[in-house]
Amino acid sequence: MSKRVVIVGAGLVGSLLAIYLRRRGYEVNIYERRGDMRLQSVAAGRSINLALSDRGIRALEEVGAMEHIRPIAIPMHGRQIHQPDGQEVYQPYGKSGQYINSVSRGELNKTLMTLAEEQGAHLHFQHRCQQVNWSNNQFVFEKADGSEVRVTGDLVFAADGAFSAARLQYQLQHDRFQYQQSYIDFGYKELTIPAGANGSFQMEPHALHIWPRKNYMLIALPNPDGSFTCTLFFPYEGDPSFASLQTDEEILAFFRSHFTDATALMPDILSQYRNNPTASLVTVKCYPWVLGDRFALIGDAAHAIVPFFGQGMNCGFEDCFVLNTLMNKHGENWDALLQEYQTLRKPDGDAIAELALNNFLEMRDRVADPRFLLQKKIEARIHSQHPDLWVPAYAQVTFSPHIRYSDALINSMRQEAIMQQLMTRSDIESVWESPEIEAWVIDKLHKR
Ligand SMILES: Cc1cc2nc3c(=O)[nH]c(=O)nc-3n(C[C@H](O)[C@H](O)[C@H](O)COP(=O)(O)OP(=O)(O)OC[C@H]3O[C@@H](n4cnc5c(N)ncnc54)[C@H](O)[C@@H]3O)c2cc1C
C-alpha cells in the first residue's frame, strides 16, 4: 500500500485513473505537460465535445464520478440524418431508454482533475515527460522554465495520449517493442453552429446529427449553451477535399450546395473554415503495454483509434475499470495484475480499433444508402424479436459493457456475413418482415 504511483498525463484517462488509485490508498502524483485548464481559458485539446456511453459511464459510476458529470451531459437518443435533398431521417440508437451523451471534453476533464485532487492526488502542471531511465523507473520532466524534475515511481502509468512520450521512450530503449501507427486519408475540422435566440438550440438537441455525403461527412453534437460543435471529416486530397477547396467562392459554394441547412446556421462559415485547424486521424497499436510490475500504458497511449464509434475515451475509461477489477483479484501482486491487464485489454484495444475503422466506412458510405437502411431495419426487427440472440454491433459496443470489444467484433462479423447473404435476395424489399426471413436468420445464427 506504500507504492508511489506516478501518472504521466492528466487528460481524461489519467485523471480518472488517479481517482481509482487514490481510493485504494496509493500515493498518486500526476505530471501534466499543459497548464491547469481550470485556471486558464485555453482550449482543452482535441474536439470540443465527446460522446460518452455505457462503458465510460460504468467506469465513472464505479468511483462516484458520474453524478458530477450527469448534469453537464446532453442525452442523444438517435442519429438525425440530413440527406442531400434536405430531408431528415431519424434513426434511434437502440431500444427505448438507450442513448449516448454529449459532454464537453474540457468540463469533463476539469471535473475529473478536481475529483482526483479531492481524493488526495497531487497534480503537477507544466511538466513535460522527456526521458525515462528504465533501470530505476526514473522519469524526467521538463518544466515551463526549462528546468528538469526527476521523479521515481514504484509504479508508473503512461496516460499521455496518442503521441505518448513515455511510450516512445519504451520503444527507443527496448528491443522487440512493436509499434504501428496508421493515418486515414481523411482529416477533420471543427466548426460551430451558434445558439439561437436566448441560448436556444437551432436543431434537435437530443440527437447526433449526420450529413453523410458518400466520400465525406459532417456531424454535429449539442453543447449545453445551445450551440452545436460540428466536425467535418473530409479527404486531404482529391475532389472535393481540403486540398481542392482553395478560394472563398469554392468553399462557400461547396458548403451551400452540400450542407445547405447547416451552412444556413453558420453565417461565419468561411472564416471558421479558414481559421480552424485541420487535424489528422491516427490509429496506434503497440505491444507490450506493460513492463514487469512497474509500468503500464493506458488510454490513447496504448490504443489510439479513429473516432467513428465514439469509443476512444470510453475504451480508456474501461481500461481503468478493468484495472480496478484486477486490483480486487490480485491485490498487491502488480506483476500478475499488469500481465492480466495486458492479456485482457490488448485484444480489446485492437478490436475497437477495427470496429471504429469499419464504422467510418459505414457512416461515410452507407448510412445514406436505402439498401443499407433496409438492412438496418431488418437487423432492428430481428433484434426486437430475439433481443438476446441478435444485438446490433453498435448496441454491443455502445450499450453492452458486459460484452468485450473483441467479442463484439467477432459477433458483428458473423452478423454482417449473414446480412450480406440475405441482402442478395432480389425480393428482400417485399419479404423482409415475413416469418420466413426471421426463421432463416435465426437458423443461420444457430449454425455457428
Ligand atoms: C475528433 C475526435 C473526436 C472524438 N470523439 C470521441 C467520442 O465521441 N467519444 C469517445 O469516447 N472518444 C472520442 N475521441 C477519442 C478521445 O478524444 C480519446 O480517446 C481520449 O481523449 C483519450 O484520453 P487520454 O487521457 O488517453 O488521452 P488525452 O486525452 O490525449 O490526454 C493525454 C494527456 O497527456 C498530456 N501529455 C501529452 N504528452 C505529455 C508529456 N510528454 N508529458 C506530460 N503530459 C503529456 C496531454 O497534455 C493530455 O492532457 C475523439 C477523438 C477525436 C480526435
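Strand β7 (residues 100-104) is largely enclosed by the rest of the structure, because five of its five residues are buried. In this predicted model, the side chains of β7 are divided between two directions: Ile-100, Ser-102 and Ser-104 point one way, whereas Asn-101 and Val-103 point the other way. The residues pointing in either direction are all buried.

Two strands pair with β7. Strand β3 (residues 49-52) runs antiparallel to β7 and is joined to it by four bridges; within this pairing, Val-103 of β7 is the bridge partner of Leu-50. Strand β4 (residues 74-76) is likewise paired with β7 in the antiparallel sense, here over three bridges. In that case Ser-102 of β7 has Ile-74 standing opposite.

Strand β9 (residues 127-133) and strand β10 (residues 138-143) run antiparallel and are joined by six bridges. The two strands form a hairpin with four residues between them, and Asn-137 in the turn adopts a positive phi of about 55°. Strand β10 also pairs in the antiparallel sense with strand β11 (residues 148-152), over five bridges. This pairing is again a hairpin with four residues between the strands, and its turn contains Gly-146, for which phi is positive at about 95°.

The largest nonpolar core comprises 120 residues, of which Ile-7, Val-8, Leu-16, Leu-17, Ile-298 and Leu-355 touch the most other members. Helix α10 (residues 334-366) makes the greatest contribution to this core, giving nine residues. For Leu-16, one of the residues touching the most other core members, the contacts beyond its neighbours within four places in sequence are with Ala-59, Leu-112, Phe-317 and Cys-320.

A further site is provided by Thr-260, which lies in helix α7 (residues 260-264). Thr-260 is classed as partly exposed because 14 C-beta neighbours fall inside 10 Å, a count between the limits of 12 or fewer for exposed residues and 20 or more for buried ones.

Conventions: Residues numbered from 1 in each chain as written. Predicted model: local features only at pLDDT ≥ 70, side-chain atom pairs only at ≥ 80, totals over all residues. Pairing = 2+ DSSP bridges. Core = buried A, V, L, I, M, F, W, Y, C linked by C-beta atoms within 7 Å. Contact = placed C-beta atoms within 7 Å.
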